[in-house]
Structure formats: C-alpha cells, structure tokens
Amino acid sequence: MSIVINLHLKAKEDQYQALHQTLIAILPDTAARDGAALISCCANPEDNSFLIHEVWDRKESQEAYMGWRQERGDIDTLMGMLREPPVFEEREHMPF
C-alpha cells in the first residue's frame, strides 16, 4: 500500500535561507530514490516554514530512505537548522 508523508519543518530565523538551499540541493536525491512516486516542497518565508509532501510506493521504501539520510548525517544537519522538532504526518495514499 502506498503512503503519503507530510513533513513540516520550521527553520530558525537565521537558518531559513540555509534550509531553503539545502532542500533544493537534497530533494532531487529524494525524488530519485527507489519507491519515491512524488516529492514536492513548498516554502513560507513569512513564518520560516517548509512543507514537504512525499508519496511512496510502500512504507518500507520511505523507511529505507530515512535510514540512508540518517547514515549520511543529513538528518543531524537538518535538525540543526530547525527551531522545533519536525512534524511527520503519515497517511494512506488513495490513488484514483
């Protein structure tokens, strides 16, 4: 069963541009991962936030991706730019 992940990120005020550029740099790699069906990101400079919308073929693909990001140190780098912990929302994808 495919899943949707909505990831809400809130950048520290002085880290908004750095996080913006980091996401531009790393999200193409996310989109290229096995099982990634759709990766989209939107930014709100008014409150320094980002919403990443991901559709994966199955939960295991997304979990493998997260493990890869953790091994590379990308998660720690991103966490250092945030003013609060990220919020993950997982949903069942309803294709039509």
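**Charge.** I counted the charged side chains of the protein chain and got 9 positive and 17 negative. Then I looked up where the two sets sit: their centres lie 1 Å apart. I keep in mind that this is a predicted model.

**Surface.** The protein chain exposes about 5900 Å². Carbon and sulfur atoms supply 52% of that area. Buried residues make up 34% of the 96 residues.

**Fold.** I listed the elements. The protein chain has three helices and four strands. Read from the N terminus, they run β-α-β-β-α-α-β.

**Overall form.** I checked the radius of gyration and found 13 Å for the protein chain. A compact globule of 96 residues would have a value near 12 Å, so the two agree. I also noted the box that the C-alpha atoms fill along the principal axes: roughly 40 × 30 × 20 Å.

**Aromatic pairs.** How many aromatic pairs does a search of the whole structure find? I noted three. One of them is Tyr16 with Phe50, a stacked pair with 5.1 Å centre to centre and 20° between the planes. Where do its two partners lie in the chain? Tyr16 is in helix H1 (residues 16-32), and Phe50 is in strand S3 (residues 49-56). They are 34 residues apart, and the pair links distant parts of the chain. Are Tyr16 and Phe50 buried or exposed? I found both buried.

I went on to Tyr65 and Trp68. Their ring centres are 6.2 Å apart and their planes stand at 40°, so this pair is tilted. That angle falls between the limits of 30 degrees for stacked and 60 for edge-to-face. Both residues lie in helix H2 (residues 59-72). They are three residues apart, about one turn of the helix.

I then compared their accessibility with the 20% limit for buried. Tyr65 has 6% relative accessibility and therefore counts as buried. Trp68 has 22%, so Trp68 counts as partly exposed.

**Cluster.** Trp56, Tyr65 and Trp68 are linked by ring pairs into a cluster.

Methods
Residues numbered from 1 in each chain as written. Predicted model: local features only at pLDDT ≥ 70, side-chain atom pairs only at ≥ 80, totals over all residues. Heavy atoms only, no water. Helix = DSSP H or I, 4+ residues; strand = E, 2+ residues; numbered from the N terminus. Rg over C-alpha atoms; globule rule 2.2 N^0.38 Å. Buried < 20%, exposed > 50% of the residue type's maximum accessible area, 1.4 Å probe, protein only. Areas by Shrake-Rupley, 256 points an atom, 1.4 Å probe, with all protein chains shown as cover. Lys, Arg positive; Asp, Glu negative; His and termini not counted. Charge placed at Lys NZ, Arg CZ, Asp CG, Glu CD. Phe/Tyr/Trp six-rings, centres within 6.5 Å; stacked < 30°, edge-to-face > 60°.
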